[in-house]
Amino acid sequence: RKGQIFSGDRLTESTKRISERLGTFGYAFANVNATPDIKRDSREVAFTIYIDPGKRVYVRRVNVAGNTRTRDEVVRRELRQFESSWYDGNNIKLSRDRVDRLGYFKEVTVDTPEVPGTVDQVDVNLTVTEKPTGNFLIGAGFSQSEKLTLTASIQQANFAGSGNTVGLDINTSKYNRTIGVSQTNPYYTDDGISRSWDVYLRTSKPNYITSGTYSVETKGGRLSFGVPFSELDTVFFGAGVEHSKVSTDPTSPQRYLRYVRDFGD
């Protein structure tokens with residue numbers, strides 16, 4: 001700005017921002033140069049910024065490579081730069097960022113080579129490197145009361161390259177038994193509305209030595225939808241239902257016997 005102390009970094013950043021701004025209007029090969037006019041006596045410098053936007057450029061093809069496991073559509077639905085449209089530097093960067101945020105790839109790169117024999121066309125080449133996307137946890141325990149107990153949790157993002165996430169939780173404990181299944185589809189609709197659901201069954205039995213014997217069986221499920229309101233903001237709506245059944249016997253605490261007598265479950 002006028003009156004500021006000269007800064008080479010600020011000047012470079014200024015010409016870069018002008019070039020990037022022109023890139024959002026399709027001028028992919030704009031040249032922006034600042035020519036100084038130095039006045040040594042007064043220790044001042046003036047700049048004339050020369051801009052050559054060049055020809056407006058459009059994208060011939062968008063090529064995706066490196067997705068050996070992930071389906072092509074899972075990557076392409078995140079792209080904001082389209083084929084046969086004007087080159088837009090912001091949309092190309094946003095496309096790269098959205099693919100990277102999927103979490104399925106350890107590296108995402110983009111380059112925009114000119115199409116041979118033309119002066120107003122480029123290709124957008126997006127290259128990804130796959131990475132493992134599953135989590136598997138398993139545990140085992142042994143106690144005198146429960147004997148052998150096994151627990152397992154499996155969660156697989158990008159299941160079979162579909163972009164969906166599936167999960168399974170199992171606990172074989174004698175007193176706290178659980179099984180649950182979940183699934184998330186990030187593109188339940190073409191507009192990017194996601195859908196998630198999970199169902200579960202839990203059975204809990206207390207330590208009969210201190211509280212008598214009874215069991216609580218809980219069945220439930222949840223369903224939610226994520227509605228994107230912008231590129232960065234998503235609002236989730238959902239509901240769940242749960243049903244618990246108490247089973248007793250003559251050794252059960254009186255409060256549970258009264259509950260089952262009065263309410264049935």
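This text leads through a predicted model of a protein, from its overall make-up to single residues. Residues are numbered from 1 along each chain as its sequence is written, and side-chain values use heavy atoms, with hydrogens and water left out. Because the model is predicted, local features need pLDDT of at least 70 and side-chain atom pairs count only at pLDDT 80 or more, while totals for chains, interfaces and linings use all residues.

The protein has five helices and twelve strands. Helices (H or I, at least four residues) and strands (E, at least two) are DSSP runs, numbered from the N terminus. Of the 265 residues, 26% are buried. Buried means under 20% relative accessible area, exposed means over 50%, and partly exposed lies in between (1.4 Å probe, protein chains only). The accessible surface comes to about 17600 Å², and 52% of this surface belongs to carbon and sulfur atoms. Such areas come from the Shrake-Rupley method with a 1.4 Å probe; for residues, only the protein chains shown count as cover. A contact means heavy atoms within 4.5 Å. Among contacts between residues at least 6 apart in sequence, 43% join residues at least 24 apart.

At the N-terminal end, Asp 88 caps α3, with a side-chain oxygen 2.9 Å from the backbone nitrogen of Asn 90. After the helix comes Gly 103, whose phi is positive, near 85 degrees. Within α3, the residues Ile 92, Ser 95, Asp 97, Arg 98 and Val 99 are buried. What do the buried residues of α3 pack against? They pack against α2 (72-76), β4 (105-111) and β5 (121-130).

Arg 98 also takes part in a salt bridge, with Glu 78 as its partner, at 2.9 Å from N to O. This pair links distant parts of the chain, since Arg 98 is in helix α3 and Glu 78 is in the loop between α2 and α3, 20 residues apart. A salt bridge is a side-chain nitrogen of Lys or Arg within 4 Å of a carboxyl oxygen of Asp or Glu. Arg 98 counts as buried because its relative accessibility is 12%, and Glu 78 is buried because its relative accessible area is 6%.

The whole structure holds ten salt bridges. One of them joins Arg 60 and Asp 123, whose closest N and O atoms are 2.7 Å apart. Here too the pair links distant parts of the chain: Arg 60 is in strand β3 (residues 58-65) and Asp 123 is in strand β5, 63 residues apart. Is Asp 123 buried or exposed? Asp 123 is buried, because its relative accessible area is 9%. Arg 60, at 30% relative accessibility, counts as partly exposed. Leaving out residues up to four places away in sequence, Asp 123 touches Arg 60, Arg 61, Asn 63, Asp 111, Thr 112, Pro 113 and Val 115.

A further salt bridge is formed by the side chains of Lys 219 and Glu 217, at 4.0 Å from N to O. Lys 219 is partly exposed, with a relative accessible area of 46%, and Glu 217 counts as partly exposed at 29%. Elsewhere, salt bridges that share partners join Glu 78, Arg 80, Arg 98 and Glu 231 into one network.

The surface also has a nonpolar patch. Patches are made of residues with over 30% relative accessible area and no salt bridge; like charges are joined within 9 Å, and nonpolar side chains (Val, Leu, Ile, Met, Phe, Trp, Tyr) within 5 Å. The nonpolar patch has an area of about 730 Å², and its residues include Phe 136, Ile 154, Leu 168, Ile 179 and Val 199. At least two patch residues come from each of β6 (134-143), β8 (165-172), β9 (176-185) and β10 (194-204). Val 199 is in strand β10, and Val 199 is partly exposed because its relative accessible area is 43%.

Two loop residues complete the picture. Arg 43 has a positive phi of about 55 degrees although it is not a glycine. Arg 43 sits in the loop between β1 (31-39) and β2 (44-52) and is exposed, with a relative accessible area of 79%. Ser 84, also not a glycine, has a positive phi near 60 degrees. Ser 84 is in the loop between α2 and α3 and is exposed, with a relative accessible area of 63%.

Methods: A polar contact is a pair of N or O atoms within 3.5 Å; within protein, one must be able to donate a hydrogen and the other to accept it, and residues adjacent in sequence count only if both atoms are side-chain atoms.
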